[in-house]
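Keep the sequence beside you as you read.

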Amino acid sequence: MNAAPTTCGEIDLAEYGIINAKSVCRNMSTPALYEEIIRRNEGHLSHQGPIVVYNPKYTGRSPNDRYIVQQGESANDIWWGDVNRSFSPEKFDILYDRMMAYLQNREIYVQDAFAGADSEYRLPVRVITSLAWQSLFARNMLILPTKEELANFVPGFTVIAAPDFKANPKIDGTRGEAGIVINFEKKVVLIAAAAYSGEIKKSVFSVLNYLLPHRNVLPMHCSANVGVNGDTAVFFGLSGTGKTTLSADPNRRLIGDDEHGWTDKGVFNFEGGCYAKVINLSPEAEPEIYQCTRKFGTILENVGLDATTRHIDLDDASITENTRAAYPITHIPNIVPELQAGIPKNIIMLTADAFGVMPPISKLTPEQAMYHFISGYTAKLAGTEKGVTEPQTTFSACFGAPFMPMHPSVYGNLLKEKIRENKVSCWLVNTGWSGGPYGVGSRMKIRYTRAMLNAALEGKLDDVAYTQDPIFGLHIPQSCPDVPAEVLNPRNTWHDASAYDAKATELAKAFHKNFEKFADGVTEEVRQAGPLAR
């Protein structure tokens, strides 16, 4: 029997200007949303339970279509430029009214949840979408309120996503049909056309990156886990550098895989779920994440699917290499249920070096940690952003510049203070290439990376001998358990040492050039903590 859409949990959205909706369903359960997704032909049920959805036009974030409304007190705090593009209040009102008109007489889905596991700092977020699968995404990624909390829920910020609505640049002031517009004064995010679900989570992250530093909380684009002795580790890095993979360690409990805050008490997860890249995922290398691609409740985005057997193909990159799995963090067996833990003992900064010249692991002084945090060197990996088809060298301040509304020095100074106060050990780990640049060398073996990380976190690199790299000034361990010694120094992995020197010097100069725009905001000690070669 074909039943009408459920109205369980219905809510009036007239305050947003959404009237005459065909139906409004609030906080539907995962099974109910599955039924809606299938009824509306938004996705397909796969073998073993995940739902598979496709948005081939938007397979990654659209950073050039992200804007912040230049208005009110926040206008003085925003670091305006290429990352934070300004949007006029007048154009926002036009876009808002047109989107709300578009949503009339449509089926609407609402999820009310929290961003932030720490009750003192969490943000109540309402996500309003025109797609049931995006409502399930919000349910997976945010922290669900209790029945009592839901009864008195008042959103602190609202995200309104309408992937089928196309902005008109001449009318709305956008660059094209897509627009991700944050309005801090009205506490609203609009997402037009961009169907990639990562836009929802990163919009919320951007909001927290503005709000929390004003409360002396450091927002971090990082994963985090905790060892059996209660030692917390934080992993900084852009998408594709290994944050999710390396933090999902069977010997350590996961706090979260992507976004956290650091308070005077410790670290807390912003989210209640994980959004893992799953292309070429294997049960041997990443067993915990692999199992999540076989569980009910998981959303598989742009993953290959056999139409007959409904078996998924994680090696299928025909749509994009940026295939994703969004699942509740409870799908991972060894998590910290409270999603928060104590002050970090170790900080790991991850980079995917496309030049193949950075050491696979090196220990950082506090000044070097500050320098490399603000630099945020990595490579944009294929598919992570629209139009990126192969790794590209990039510098992304704080390992998350697209999501940082304020000047990097705001976040960098917070990090410096917390490292100094808590005497945190800092490491730089290259998960990228070895033996040559992209196209010549090979990607660092994950088993080596895990061995090096385990050694660092377990204190096995505390007493080994170190060599200072003559070009980058980094301190490289001369030995590491379960890792061949020749792997540790990248120069030894190249067939042509002079070619290595030339490429490494080229990258060192790129570091210095990039850091020029941050130099005025840091101390002389930090400015001198970059590469030795100039």
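Which element provides the largest share of the lining of the largest cavity? The answer is α7, with four residues. This is a predicted model, where local features need pLDDT of at least 70 and side-chain atom pairs count only at pLDDT 80 or more, while totals for chains, interfaces and linings use all residues. Residues are numbered from 1 along each chain as its sequence is written, and side-chain values use heavy atoms, leaving out hydrogens and water.

Start with the empty space. Rolling a probe the size of a water molecule over the atoms shows where such space is left. On a 1 Å grid over the protein atoms alone, a cavity is a set of points where a 1.4 Å probe fits but cannot get out, and lining residues have an atom within 4 Å of a point. Grid points are joined across faces, edges and corners, and a volume is the space filled by probe spheres set on the points. The search of the whole structure finds four cavities of 30 Å³ or more.

The largest cavity has a volume of about 90 Å³. Two elements give two or more residues to its lining: β9 (179-183) and α7 (198-211). Helices (H or I, at least four residues) and strands (E, at least two) are DSSP runs, numbered from the N terminus. Among the lining residues are R61, R66, I180, I182, E199, K202 and F403. The lining divides into five nonpolar, three polar and four charged residues. Here Ala, Val, Leu, Ile, Met, Phe, Trp, Tyr, Cys and Pro count as nonpolar, Asp, Glu, Lys and Arg as charged, and the others, Gly among them, as polar.

Now move to the second largest cavity, with a volume of about 60 Å³. Its lining takes two or more residues from α4 (132-141) and from α7. Again α7 gives the most, with four residues. The lining includes V127, F137, M141, I200, F205, E259 and E271. It holds eight nonpolar, no polar and three charged residues.

Step back to the whole protein. It has 15 helices and 30 strands. Its radius of gyration (over C-alpha atoms) is 23 Å, close to the 24 Å that the globule rule gives for 534 residues, so the protein is as compact as a globular protein of that length. That rule is 2.2 Å times the number of residues to the power 0.38. Along its principal axes the C-alpha trace spans about 70 × 55 × 40 Å. Of the 534 residues, 61% count as buried, meaning under 20% relative accessible area with a 1.4 Å probe, protein chains only.

Definitions and conventions:
1 Å grid on protein atoms, 1.4 Å probe; cavity = no way out; pocket = protein on both sides within 12 Å on 5 of 7 lines; lining within 4 Å. Buried < 20%, exposed > 50% of the residue type's maximum accessible area, 1.4 Å probe, protein only.
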